Amino acid sequence: MGLVILLLVLQADPSLERLRELVAAGRFQEAQGLLPSLESASAEAAHLAGVVHYNLREYAKAIAALERAAAQAPSDSALHRDSVRLLGLACYLSGRYAEAIPWLERVRAQGSASVEVLYMLGNSRIQQRQWDQARAAFAEMFGVPHGSAAAHLITAQMMIRQRFEDFAEQELQRALELDPRIPEAHYLLGILATFRGDTERAIKLLEKEIALNPNFAMAYYKLGDAYSRREEWDKAVPLLQKSIWLNPTYSGPYILLGKAYLRKKDLVNAEGTLRRALQLDPQNSSAHYLLGQTLVQAGRTDEGRELLRRSRELRQEAEP
């Protein structure tokens, strides 16, 4: 028996042993240097190479290695399951959504789908315009019934993030058919209406949201934004104030409220509000710009011009 163990030790691939250690320690750059010299063609070697490439965001190389590992490892092994999971993630993160779906579905079928896997699966289904399957993944992710108003609402939110606005609107309308009082459906429809320039419809929808959900700071903010687009500052100001009182840590309403005060020539309140916005979001170019304008109008030209200069810098830094 001792001779057998000795022979196995002598036959062990030292590069593979070292690779295991480096991967376990999260030293992926160092591990990458071992890959060209790796003699073993085992499923484990391919899996470890895939893990290294995945963590270095070399997704094409990760996919190639993990496909070898998944093909070689026993289908009931932990190595196979983890290779399949990483394949789904790597395909998704490299924008290969159609290829990601079968791998992510295999993880789901194994009963080990994490929130991350279901999120990627749902988004991949959206990219393939497979709405029902996307909704099913998000419903499972959030623990709500597949055909429920909540499932339609969540799917709409994910569609909006991926710029499938027209289909998101259909999901939202269906959510409201199932539950006319579901929170945030009117809000999201209002956001879509604002995006399309239909301010009148946006105002009506956001007012409905507030009637159903009076503690929702973002609804007041977006309604204030809608009135600001119409330059109805007297209507915008109290809405933006309410948004701030409900959520005093978000810079958006402060910036818009500062703009409203500036347009109303209330320079003292404009300055105080915009300085608070910059405390919350020091790199915001709009806040710098509006505060710079405010100070210039107040006769504090040097500081105002410096803020305007900084606003230009921030915009340039943000350009792709």
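This is a predicted model: local features need pLDDT of at least 70, side-chain atom pairs count only at pLDDT 80 or more; totals for chains, interfaces and linings use all residues.
**Stop 1: the whole chain.** Show everything as a cartoon and colour by secondary structure. You're looking at 19 helices and zero strands. The radius of gyration is 27 Å, while the globule rule gives 20 Å for 320 residues, so the chain is more spread out than a compact globule. Turn the view along the principal axes, and the C-alpha atoms fill a box of roughly 90 × 55 × 30 Å.

**Stop 2: inside and out.** Of the chain's 320 residues, 47% count as buried. And if you take contacts between residues at least 6 apart in sequence, 44% of them join residues at least 24 apart.

**Stop 3: helices 17 and 18.** Hide the surface and select residues 267-280, which is helix 17, and residues 285-297, which is helix 18. How do these two pack? Their axes lie 9 Å apart, at an angle of about 150 degrees. An angle over 145 degrees counts as roughly antiparallel, so that is how helix 17 runs relative to helix 18. Their crossing is left-handed.

**Stop 4: the contact itself.** Keep both helices and show side chains. On helix 17, pick Leu-267, Ala-270, Glu-271, Leu-274, Arg-275, Ala-277 and Leu-278. On helix 18, pick Ala-287, His-288, Leu-290, Leu-291, Thr-294, Leu-295 and Gln-297. These residues make the contact between the two helices. Colour them by class and you'll get nine nonpolar, three polar and two charged residues.

Terms used:
Residues are numbered from 1 along each chain as its sequence is written. Side-chain values use heavy atoms; hydrogens and water are left out. Axes are lines fitted to C-alpha atoms, for helices over the stretch in contact, and angles run from 0 to 180 degrees between N-to-C directions. Helices (H or I, at least four residues) and strands (E, at least two) are DSSP runs, numbered from the N terminus. Angles under 35 degrees count as roughly parallel, over 145 as roughly antiparallel, 65 to 115 as roughly perpendicular and the rest as oblique. A crossing is left-handed if the near helix is turned anticlockwise from the far one by less than a right angle, and right-handed if clockwise. Contact means heavy atoms within 4.5 Å. Ala, Val, Leu, Ile, Met, Phe, Trp, Tyr, Cys and Pro count as nonpolar, Asp, Glu, Lys and Arg as charged, and the others, Gly among them, as polar. The radius of gyration is taken over C-alpha atoms; the globule rule is 2.2 Å times the number of residues to the power 0.38. Buried means under 20% relative accessible area, exposed over 50%, partly exposed in between (1.4 Å probe, protein chains only).
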